[in-house]
Amino acid sequence: MEQKISISAQLQLKKCVYFLPLIAILLSILSCTANNRNIKHISLVGAGASFPAPLYERWLSDYNQQNPNVEINYQAIGSSAGVQQLIEGTVDFAASDVGITNEQAAKIKRGVIALPLTAGSIVLAYNLKPVAHQSPQVNVTTGLKLSRQVYVDIFLGKITNWNHPKIAAANPGVSLPNLPIQVVHRTDGSGSTSVLTQHLSAISPEWKSKVGAGKSVAWQVGIGGKGNEGVTALIQQIPGAIGYVEYIYAKQNKLPVAALENKSGNYITPTAKSVAQTLETVKLPANNLIAFITDPTGAQSYPIVTYTWLLTYHQYPNRVKAQVLKNFVNWAVIDGQKSSLELGYIPLSKKVVLQVQSAVKQIAE
């Protein structure tokens, strides 16, 4: 009798051994099913910089096609407004061309993580196409060179006409029009403005003392447009206009861009190669992945280049949102980079990709 009880107990034990893994598998399947059920209806909202907006729009469309249960919306309202909405907690993420300051980060109780997702150049686009009363010879659509002193003086309002001797000196053989220069700048708090004015402050003591650097500055001359889109539209509309935009906006709207004199004295056009050479000298600190180079020294480096950052919270009350953001960022730094060159952005280096992949793990529930 005792032996029968022992054998029966052994059989029961074996049944438990067999059933426990099965139960674990079933629980795992149920858990995944529950997560999928949640993700079917998950929606994230972000806002911020217009600099990366064309690339983000492509990414979000591509990602949604691959993950139809996830909808991520992004509004290009400028870096300043995006950071402010992150501070106020009205968005799930933000984007900024200047990252985030320690003072701003201190206002976010849930913590913040800055992730560089792409990079690009700020270009000086211009409109010197002939108008009805002008000679066709004034059509300077390509190849215009601007020295460091010239483009500083244009933004300071000291050079006011396109046939100025200093512009002509850098462009021998080019028929420059007797046309007033109309500067176009941003009206909103802009990371692009900050990048440009940091560069101008680095190369010109006069600019630094009179205007300085920031996402919003007191412009000496010109008219304002909202976002890269607004500045681009005004340049297109105004003969003699010049303004600063992210490269893709000039490319998409077929606006000519100037070759700018760099620190080595070479006139460099913004290309994937010249921008990448600038980025090679930027070292992102491990603690926040935010760094700038205001005046690159490379002989072939384009002078106005920046990363642009996705800003996420460190803590998310909604665990599904946290996981979806992690998934999206990991997708963006691998698969998403394939769209960068096509749209005029610069893919992240392998080193930066590894830094972002490590940082994104800090997003917690």
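**Exercise A: a loop residue**

*Solution.* The cut-offs are under 20% relative accessible area for buried, over 50% for exposed, and partly exposed in between, with a 1.4 Å probe and protein chains only. Helices (H or I, at least four residues) and strands (E, at least two) are DSSP runs, numbered from the N terminus. Step three: its phi is positive, near 55°, and Lys254 is not a glycine. Most residues other than glycine have a negative phi.

The model is predicted: local features need pLDDT of at least 70, side-chain atom pairs count only at pLDDT 80 or more, and totals for chains, interfaces and linings use all residues. Residues are numbered from 1 along each chain as its sequence is written, and side-chain values use heavy atoms, with hydrogens and water left out.

Find where Leu289 lies, and decide whether it is buried or exposed.

*Solution.* Step one: Leu289 belongs to the loop between α11 (272-279) and β11. Step two: its relative accessible area is 4%, so Leu289 is buried. Step three: the phi of Leu289 is positive, about 60°, although the residue is not a glycine.

**Exercise C: the whole chain**

Describe the protein by its helices and strands, its buried fraction, its contacts and its surface.

*Solution.* Step one: the protein has 13 helices and 11 strands. Step two: 50% of its 365 residues count as buried. Step three: take contacts (heavy atoms within 4.5 Å). Among those between residues at least 6 apart in sequence, 75% join residues at least 24 apart. Step four: the accessible surface comes to about 17,300 Å², and carbon and sulfur atoms hold 54% of it. Such areas come from the Shrake-Rupley method with a 1.4 Å probe; for residues, only the protein chains shown count as cover.

List the buried residues of α3 (residues 79-88), and explain why they line one face.

*Solution.* Step one: Ser79, Gly82, Val83 and Leu86 are buried in α3. Step two: viewed down the axis, these buried residues fall within an arc of 95°, so they line one face of α3. The arc is that of the directions from the helix axis to the C-beta atoms. An α-helix has 3.6 residues a turn, so residues three or four places apart point the same way. Step three: the buried residues of α3 pack against several elements, including β1 (42-48), β3 (93-96) and β4 (112-126). Step four: Gly89 follows α3, and its phi is positive, near 80°.

*Solution.* Step three: the buried residues of α13 are Val352, Val353, Gln355, Val356, Ala359 and Val360. They cover an arc of only 160° around the axis, so they lie on the same side of α13. Step four: the face turned away from that side carries the exposed residues Lys350, Lys351 and Leu354. The buried residues of α13 pack against β4, β11 and α12.

**Exercise F: a loop and a helix in contact**

Work out which residues Asn161 touches, and what surrounds Ile167.

*Solution.* Step one: Asn161 is in the loop between α5 (148-156) and α6 (165-170). Its relative accessible area is 18%, so Asn161 is buried. Step two: beyond four places in sequence, Asn161 touches Ile167, Pro177, Asn178, Leu179, Pro180 and Ile181. The C-alpha atoms of Asn161 and Pro180 are 4.4 Å apart, across 19 residues of chain. Step three: Ile167 is in helix α6. At 0% relative accessibility, Ile167 counts as buried. Step four: beyond four places in sequence, the contacts of Ile167 include Leu144, Leu146, Asn161, Trp162 and Ile181.
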